[in-house]
There are 2 protein chains.
Amino acid sequence: MNQKIKDSPIQNSIIGILGGGQLGRMLAIAASRLGYKSHIFDPNINSPASQVSTFSTQASYDNVQALASFAKSVDIVTYEFENIPTDALNIIEKHASIFPSKEALFTSQDRLVEKQFLTSLGLKTAPFQNIENINDLNNALDKIGIPAILKTRRLGYDGKGQVKINDTNNLDKILTQFHNVPCILEGVVNFNMEISIIGARDQFGAVSCYDPGENYHENGILKTTLVPAKINQKTSTDAVLLTGKILNELDYIGVIGVELFVTDNGLLINEIAPRVHNSGHWTQNGCLIDQFEQHIRAIVGLKLGDGKRHSNIEMINILGDDFKKLDKFVKDGKSALHLYGKEDIKVGRKMGHINKIYEF
Amino acid sequence: MNQKIKDSPIQNSIIGILGGGQLGRMLAIAASRLGYKSHIFDPNINSPASQVSTFSTQASYDNVQALASFAKSVDIVTYEFENIPTDALNIIEKHASIFPSKEALFTSQDRLVEKQFLTSLGLKTAPFQNIENINDLNNALDKIGIPAILKTRRLGYDGKGQVKINDTNNLDKILTQFHNVPCILEGVVNFNMEISIIGARDQFGAVSCYDPGENYHENGILKTTLVPAKINQKTSTDAVLLTGKILNELDYIGVIGVELFVTDNGLLINEIAPRVHNSGHWTQNGCLIDQFEQHIRAIVGLKLGDGKRHSNIEMINILGDDFKKLDKFVKDGKSALHLYGKEDIKVGRKMGHINKIYEF
C-alpha cells in the first residue's frame, strides 16, 4: 500500500471508495473523523456518499479512463459493495492498493465459491448444489429435498435473485426467469434465530469482533438488529471463532459481516460480506469505535480500536415510506437518527436507520 | 424559520454554517447524520468543514454579494464562532433565520455586556470594571487590586487579547499595545478547579445539559477535559441550574458552552460561548447524542436527544506538534481519534483531539 498512508494517519491522504450509497457515506464520515479525505466513485449523481466527501467521480464501472483517473488520485481504495466488476478492479490495482483484497472479494461474489470455501474450512452451511441446467436442478432437488431455495450465484442482495421451490412444477420456467445464469440450490434451514457478527482484521494480523446481533427481516430486507443477541455464551464464542478463522484464512484486511443461522445443531453460515454491514450499524452508538472507523483503521494500517459494547441497542432500518413517519423516531430522545441523504423514496429502499438505546 | 425544515427532518434541506474550522466540520458531520446537507461560509480555501460538506463558499465576511448568495441558498444559518461581524449578520438575516439569535450572540461578543448580563441574573462572575482609558484603568486597579487581568472586550479567544497586570508600571504602554480598544479589567479568581458545562435549549423550550467537565489548559489553550468532573452533586446541580437560567433568559436556541470557576464560595462564571465548545467534544464518545447533533436538532426544530453520559471520558486536544506523535494515541484502542483535516501545523493550533474511555 501507499507508504504515505501507512506511516501514520496523515491528513491529506485520500481514501477512494467504490460505491456512493449509505455504506460509502458512513465510511467517508468515519474517514473524515480520522483526518482523511474521501473520493467517491459512483455511477449516480449526488450519491449519498458524495454529499459528505471532498472528491467524487460520477462514472460507470466500465469507464476505463474514469477508473484510472480515480485510482491515480487516491492513496488507497476500498468498496462498499461486493458486486464490483473484475475488469474495474484490474484497472484500479495498477495505480492503488485495494482492501479488502480482490481474492477476499471474489470468494464472496459467487455463492458457490463462497460455500465451497467455508466448507473447506470445516465450517457448516446449508446443504448446496451447483446448478447449471435443468438436469442439475432435478438431481439437486432429489438430494436436498423440497422445499429448497434457488439462488443466482452472483449479484444477489436483500433477497433479490432467489426463489423458493415448493414443488417440481415449472422448473424450466424458473430457470428461464433467472436467464439461465449459474445458480445454486440450497436446502431450507430450520433455524431458531438469525444472527450476524461483524469482524475486523488489521495489517498486523490482529482480529477483533463486535458482539453478535440478532436480526429480523421484512420481505427479505433487514429491518431490526438487537444487541446483545439472546444467545448463550458458547454460541457467541463459536461465532467469534469461526469469524476469526475466515478472516485469518483469507489474510483479510478490513471489516467483514458474517450472517449466521442459530440451529439446534449449532451455527450455520448463511453468507459473508467483505465490507461493513447493515447489521453492524448499531456499533455507531454502542461502541467507542464503530464498524466504519474500524474498517478505515484496518485498511490504512492503523491498529484496530476498541469494539467493546457499552450499551444495549436496537437498530431499526427506515425503509421506504417509514421515512414519512420520522417524527415518531426523533421525538424519542433515546434514538440516534442516521439518514442517508437519498432524494427519492422507493418501496423497501433503505433511507436511514435509528439506533435506540433501550437499557443502560 | 423556514417551514420546510421545521416540519420534520427533511433531507435535501441545507444548513448554512458560518466558519469552516473544526467546529463547523463536526457540525456538518452531525448534520449529515440527520440527513441534512451543509453549506460552509469561510474566508479560507479548503477549510476543515468544507472537506465534508456538500456546498461551500470561500469569501470574506465583508463580501456582501457572497453573503447574500450564501443566505439565499440555505434553509437556516448557524455559526461556529462568536466573532461574526454584525454587518454580515444583517445581510444574512434578510434571507435566512439565524440560530442562536443575534441577541444571544451580541451578549457574548462583548465581555462587558456579557458580565453585565450575567450579574443582572444574580449570577456571580469575577469582579470587573469597564476600561476606556488610563484613568479608568487606574481607578479599576484601585477597586479590584493587583494582580488583575486586562482583557479586550471583543475578539479574544484561547487566551489571546488579555494580559495579567502585576504592578502599576507601564500601564499606558499596555493600553497602547491593545491599540486603546475598549477593555475590561477583571479580578484574579482563586479557584480550585475550572469546569465547563454544555447546555442546549430547543424550540419547544426544553433545556438539557451534559455532565460538567473538568478542564486543564496549557498556555491559555484547553488541553484536557475530564468527565465526570471531580465535583460534588451540589456543585454539579448549581452548574446545571445557572446554565438553564442563562438559556431561558436569552430565549436561546442551540448549544451553549459555559466556563465556570469552582471556588470556596461557589461557582463563578468565566465566560459563555454561544456555540458548540471544545470542552464538549467528549460527548462524541460519551453520549448517545453529542453536542454537535444536539445543536443541529435544536436549530432545525427537532426535540433534543438524550445527553446522558454512558462512559467516563478524557478528551485530549492534539495541539501543534502533538500531531507528529499521533502514533501514541492510535496505538491505544481505547482512544477515538478525531482529526480536523488542517494542512499546516502551527504552534498551539488545534489539529484534532482524542476521546479516551478510561473506565467503563
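This is a predicted model: local features need pLDDT of at least 70, side-chain atom pairs count only at pLDDT 80 or more; totals for chains, interfaces and linings use all residues.
**Exercise 1.** Describe how helix α2 of chain A packs on helix α11 of chain A.

Solution. Step 1: locate the helices; α2(A) spans residues 22-33 and α11(A) spans residues 291-300. Step 2: read the geometry; the angle is about 65 degrees, and the axes are 8 Å apart. Step 3: find the handedness; the crossing of α2(A) past α11(A) is right-handed.

**Exercise 2.** List the residues through which α2(A) and α11(A) meet, and sort them by class.

Solution. Step 1: take the cut-off, by which two residues are in contact if their C-beta atoms, placed from the backbone, lie within 7 Å. Step 2: from α2(A) come A:Met26, A:Leu27, A:Ile29, A:Ala30, A:Ala31 and A:Arg33. Step 3: on the side of α11(A) they meet A:Phe292, A:Glu293, A:His295 and A:Ile296. Step 4: sorting this contact gives seven nonpolar, one polar and two charged residues.

**Exercise 3.** State how many residues each chain gives to the contact between chains A and B, and which elements of chain A take part with two or more residues.

Solution. Step 1: count by chain; 40 residues come from chain A and 40 residues from chain B. Step 2: name the elements of chain A that give two or more residues; these are α2, α12 (327-330), β16 (335-339) and β17 (350-359). Step 3: pick out the largest share, which is the four residues of β16(A). Step 4: sort the side of chain A that touches chain B; it has 16 nonpolar, 15 polar and nine charged residues.

How values were computed
Residues are numbered from 1 along each chain as its sequence is written. Chains are lettered from A and ligands numbered from 1 in the order in which they are written. Axes are lines fitted to C-alpha atoms, for helices over the stretch in contact, and angles run from 0 to 180 degrees between N-to-C directions. A crossing is left-handed if the near helix is turned anticlockwise from the far one by less than a right angle, and right-handed if clockwise. Ala, Val, Leu, Ile, Met, Phe, Trp, Tyr, Cys and Pro count as nonpolar, Asp, Glu, Lys and Arg as charged, and the others, Gly among them, as polar.
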